[in-house]
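Work through the exercises below with the sequence and the coordinates open. Try each task before reading its solution.

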Amino acid sequence: MFIEVSFVALNMVEIAVLLKQVPDTNAKIAILGGRVDESAVTSWVTSPYDEYALEAALQHIEAAGGSITAITLGPDRADKVLKDAAALGVTKLVRIWGDGWEDLDSNQVQFALVDAVRASGAELVYCGKQSADRNQGSTGPGVAEMLGAACVVEVSEFDASSSSYVRPASSGSEKVTVSSPAVITFSKTESDLRRPNVRGIMMSKKAQIDLVSSDVGSSQVNFNGDSSPAEKPPGKTFQGSDCIPEVVGLLRDEAKVL
Amino acid sequence: MSQTSCRLFKGEDMVYEALDFYDVDSQLSEEEIMVRDMVRDWVDAEVLPKIEHACRDGVFPDEWRVALGEMGVLGAPLDGYGCPGLSYVAYGVICRELERGDSGLRSFASVQGSLAMYPIWDFGSEEQKNKYLPKMASGDLIGCFGLTEPDYGSNPGGMITKAEDKGDHYILNGAKMWITNGTISDLAIVWAKLDGVIRGFIVETGDEGYSAPEMKGKHSLKASVTSELVFQDCKIPKDRILPGVKGLKGPFSCLNNARYGISWGALGAAQACFHSAKEYTLSRIQFDVPIASYQLIQNKLAWMLREITKGQLLALELGKKKDDGSWIPEHISLAKMNNVDIALEIARMARDMHGANGILDEYCIMRHMANLESVKTYEGTHDIHNLILGRHITGIQSFTRSE
Amino acid sequence: MEITIIAETQENNLHSVTRQLVGAATSLGASPTILCANGIGADEAAGISGVGKVVSVNGDCFTTFDGGAWATAFDAAAGEGVIMGAATAQGRDVVSRIAARRGIPVVQDVVALSEGIKMTHPIYSGKAMQDVTVAGDCAMTLRANIFSAADDGGSAESSIVQQSGDVKIAVQEAIAKASERLDVTDADIIISGGRGMGGPENFDKLYSIADGLGAAVGASRAAVDAWDEIPHNMQVGQTGKTVNPSLYIAVGISGAIQHLAGMRTSKFIVAINKDPEAPIFKIADYGIVSTWEEALPVLASEIANLQ
């Protein structure tokens with residue numbers, strides 16, 4: 001008697017998801033001693049765009065098979081983003097940190113992340129289009145460059161079966177495919193983010209976090225300090241619709257919101 | 001006009017920041033904090049946007065049952081048979097976060113976990129546990145708890161619902177009242193006298209002679225289903241009796257757990273009211289300044305802070321006692337009574353601070369206030385808990401005139 | 001100091017932000033070199049005052065956007081020193097890849113720049129600003145509409161180089177702009193109507209302005225309660241959505257405290273109301289005392305002129 005056991009797994013993928021811990025985006029940001037006062041932050045969360053990246057990665061391996069390595073760069077408290085990912089089913093967790101790493105420049109961050117991505121064996125890297133704290137958007141493309149990989153930025157839709165991504169284009173958007181290895185940076189997608197459950201939380205308790213470090217050299221950027229944004233000028237009132245051209249001009253030139 | 005913009009609230013969003021003045025939650029384990037955040041996020045995303053409509057329509061949205069099952073929080077402190085196996089502290093935290101949404105939502109979870117799952121888990125047969133508990137933990141089966149009767153509330157021992165042994169089956173006759181989840185339940189844990197002794201029975205929806213009409217017209221717990229249970233020669237198989245308990249100890253064991261959850265839950269309602277009162281009074285301008293700058297308002301906010309903080313410490317200490325087994329029922333009476341009492345007072349005070357706006361369903365406070373009126377009465381009235389403590393202090397029971 | 005600017009283009013022309021990049025570069029005392037992909041905008045670039053050189057970087061790769069390929073081509077054509085681009089999605093991508101190739105730091109979305117090189121950029125979505133200094137070579141992107149644009153009046157020399165890179169991204173399908181309405185919680189600009197709009201049919205005026213701005217249309221509870229055509233998911237306020245856009249335009253909304261609760265943290269608030277005593281004016285940055293019937297047509301045409 002011969003039983004054929006066939007396991008069909010198309011395009012099994014190894015995905016590294018880069019997750020950053022940031023203050024809750026609704027939190028008030030206070031300045032203390034010329035820097036943002038992290039000790040005043042009461043709630044730390046996974047950067048929102050990174051959550052969409054993680055959701056896409058989970059959907060991708062559900063469709064294709066494979067596994068996810070969640071990677072974060074941050075101090076001890078950043079373990080929480082990995083535990084939260086573990087509660088959603090991610091089994092490989094890596095945190096990168098080193099002494100005096102509070103103010104890394106873009107190159108140092110990318111270098112450390114690339115080391116961890118290489119070690120994970122991932123051929124796909126998913127991350128948010130930018131972090132909710134520094135808002136830079138350099139990490140995805142920079143990591144891609146160092147990996148010699150392609151990078152699709154600001155992806156808003158993702159199709160696991162065809163491995164295609166929708167990104168913004170001058171006239172709307174466009175669906176693209178990309179050769180592997182690749183880095184994909186996600187903006188908000190249509191996917192509902194999955195919620196953890198108690199079973200997942202119990203599992204996450206057992207999940208091991210690998211703590212690694214890298215020799216990232218010295219920073220080429222001097223962080224002089226942070227400040228509060230300029231106070232807005234007092235409100236102005238205008239009489240009648242004749243003033244609207246002036247208001248629109250102010251919105252463009254003074255408020256810079258148009 | 002060209003006056004200075006009022007920027008009193010710059011940068012502060014409407015986001016819920018849980019009041020935790022003494023950093024009580026820092027004593028929670030990593031797992032308990034993850035459970036807290038899971039439930040809190042769900043309440044923000046799925047409950048708060050829908051609760052006012054649920055109240056207007058007088059329904060408990062079925063999707064909440066599904067979500068509670070998917071999150072795996074039903075029967076939180078029970079272990080095995082598909083149950084979560086969390087700590088009692090975690091169960092308390094879950095109740096607190098659910099009741100921050102609505103007392104009716106927390107009531108659903110309390111009844112399912114403490115009043116319906118718990119007696120099966122503690123007093124049920126192996127077959128009963130395997131049959132019911134996994135599906136109750138997943139939310140696929142809903143349970144309710146029938147103890148109180150129209151004429152027997154604080155005095156449940158006087159119940160008249162009775163069971164008769166008919167050889168190969170039991171016959172139940174009587175009625176239960178004020179039963180949360182009754183109409184939407186798949187099974188009821190019914191306490192009835194068998195040969196004069198209180199026993200627990202599992203009655204399934206569809207059993208001959210059993211009905212559960214909904215009680216309408218509540219001004220409180222409007223998003224929760226409240227029902228009567230009616231037994232008219234209700235015939236149930238012999239294997240539906242809970243073999244493991246006799247007497248009032250059975251229902252009281254269940255109530256201890258439910259009351260414990262309420263002692264945490266009420267704090268969630270209180271914190272929601274405090275949050276709303278703080279936000280409102282900081283943004284409401286009268287006589288050119290926010291009303292929060294007036295001493296009368298600050299006095300009220302300070303009182304709320306004080307009572308909530310004390311209540312939080314009480315609940316956490318009680319939770320630790322539940323987990324290490326050093327609790328006595330009187331500990332629970334104290335916490336249930338105190339925390340519901342202050343929550344109701346805070347809700348009333350918050351209503352006052354919101355002025356006329358406070359009566360609108362744009363704000364949570366009047367809903368919480370009306371809900372808490374029920375919570376103060378159910379699961380042992382405020383006064384009955386006082387009498388339980390009075391008996392504990394003096395050794396003299398004052399419930400009855402006789403004995 | 002040597003500064004190389006990656007020209008930002010729009011269709012087959014130079015995007016106006018490119019002139020602002022030149023303005024910023026010259027303020028640092030540089031005569032920047034401008035790189036134009038496939039020569040797009042090269043002629044116009046050569047005529048901008050202060051520009052040192054214009055280089056048309058011609059390569060096959062420039063027909064599809066692939067930041068990796070573009071960075072390869074631009075990197076080979078650019079000199080040492082500072083690489084400067086616009087803080088658009090593509091600009092950030094290309095510039096950060098060139099920085100990574102060169103092992104130099106990149107600072108994005110710069111809003112203030114001075115010699116040194118000192119840069120200021122917003123962090124935490126503008127809730128704070130960060131000042132940094134970079135001693136050596138670096139890359140940067142500048143936010144649009146912050147720096148003064150350089151005028152015409154130059155006559156820089158132009159040259160052409162052949163450079164390309166491997167394109168690894170393939171466009172499968174162009175997707176036209178979705179016609180569905182933006183949700184208020186996703187929008188950076190919101191225009192909301194209240195009961196002062198008179199009737200739900202008048203919201204069409206708001207929609208046409210919103211379409212021109214890429215904005216979402218919101219409503220007050222009074223409007224949602226009054227008119228079935230205005231769905232609850234448009235409601236901004238205590239029992240609706242809490243929003244935090246860059247610009248919030250309230251039309252015919254008096255500004256009840258419940259409405260303010262949902263939009264008061266908007267970065268800029270414009271109110272249009274015929275009642276000069278309406279509470280909305282107390283939190284408006286620009287208040288316009290006018291009926292919507294008079295104000296909206298003017299607003300629509302002024303916004304159209306901006307494009």
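**Exercise 1. Domains of chains B and C**

Into which domains is chain B divided, and how do domain 2 and domain 3 of chain B meet?

Solution. The model is a predicted one.
- Step 1: list the bounds. Chain B is divided into domain 1 (24–137), domain 2 (143–240) and domain 3 (249–394).
- Step 2: take the centres over C-alpha atoms. Those of domain 2 and domain 3 of chain B are separated by 30 Å.
- Step 3: count the contacting residues. Domain 2 of chain B brings eleven residues, and domain 3 of chain B brings ten.
- Step 4: sort the domain 2 side of chain B that touches domain 3 by class. Seven residues are nonpolar, four are polar and none is charged.

Now turn to chain C. Which domains does the assignment give there, and how far apart do their C-alpha centres lie?

Solution. Domain 1 of chain C spans 3–162, and domain 2 of chain C spans 184–306. Their C-alpha centres lie 37 Å apart.

**Exercise 2. Chain C as a whole**

Solution. 
- Step 1: count the elements. Chain C has nine helices and 18 strands.
- Step 2: The C-alpha atoms fill roughly 65 × 45 × 35 Å.
- Step 3: check burial. Of the 307 residues in chain C, 55% are buried.
- Step 4: look at contacts with a separation of 6 or more. In chain C, 63% of these join residues 24 or more positions apart.

**Exercise 3. Chain A against chain C**

How many residues does each chain give to the contact between chain A and chain C?

Solution. 
- Step 1: count. Chain A gives 67 residues and chain C gives 66.
- Step 2: locate the chain A side. Elements that each supply at least two residues include α3 (106–120), β12 (172–178), β15 (221–227) and α6 (244–253) of chain A.
- Step 3: classify that side. It has 29 nonpolar, 25 polar and 13 charged residues.
- Step 4: β15(A) and β10 (residues 128–134) of chain C run antiparallel, joined by six bridges.
- Step 5: name one pair. A:Asp226 has C:Gln130 in β10(C) as its bridge partner.

**Exercise 4. Strand β1 of chain C**

Are the two faces of β1 (residues 3–6) of chain C covered or open?

Solution. 
- Step 1: recall the rule. In a regular strand, side chains alternate between the two faces of the sheet.
- Step 2: assign the sides. C:Ile3 and C:Ile5 are on one, C:Thr4 and C:Ile6 on the other.
- Step 3: check burial. All four are buried, and both faces of β1(C) are covered.
- Step 4: find the partners. β1(C) runs parallel to β6 (residues 82–86) of chain C, with three bridges. β1(C) also pairs in the parallel sense with β4 (residues 33–37) of chain C, again over three bridges.
- Step 5: name a pair for each. C:Thr4 has C:Ile83 as its bridge partner in β6(C), and C:Ile5 stands opposite C:Ile34 in β4(C).

**Exercise 5. Helix α5 of chain C**

Why do the buried residues of α5(C) lie on the same side?

Solution. 
- Step 1: list them. In α5 (residues 203–213) of chain C they are C:Phe203, C:Lys205, C:Leu206, C:Ile209 and C:Ala210.
- Step 2: take the arc. These residues cover only 150 degrees around the axis, so they fall on the same side of α5(C).
- Step 3: see what they pack against. The partners are β14 (189–193), β15 (216–219), β16 (247–251) and α9 (292–306) of chain C.
- Step 4: inspect what follows. Just after α5(C), C:Gly214 has a positive phi of about 70 degrees.

**Exercise 6. A loop residue**

Is A:Ala132 buried or exposed?

Solution. 
- Step 1: A:Ala132 is in the loop between β8 (124–128) and α4 of chain A.
- Step 2: apply the cut-off, 20 or more other C-beta atoms within 10 Å. A:Ala132 has 21, so it is buried.
- Step 3: list contacts beyond four places in sequence. They are A:Val22, A:Thr25, A:Ser47 and A:Pro48.

Technical notes: Residues are numbered from 1 along each chain as its sequence is written. Chains are lettered from A and ligands numbered from 1 in the order in which they are written. This is a predicted model: local features need pLDDT of at least 70, side-chain atom pairs count only at pLDDT 80 or more; totals for chains, interfaces and linings use all residues. A residue is buried if 20 or more other C-beta atoms lie within 10 Å of its own, exposed if 12 or fewer, and partly exposed in between; C-beta atoms are placed from the backbone. Two residues are in contact if their C-beta atoms, placed from the backbone, lie within 7 Å. Ala, Val, Leu, Ile, Met, Phe, Trp, Tyr, Cys and Pro count as nonpolar, Asp, Glu, Lys and Arg as charged, and the others, Gly among them, as polar. Two strands pair if DSSP finds at least two bridges between them. Domain bounds come from an automatic or database domain assignment. The arc is that of the directions from the helix axis to the C-beta atoms.
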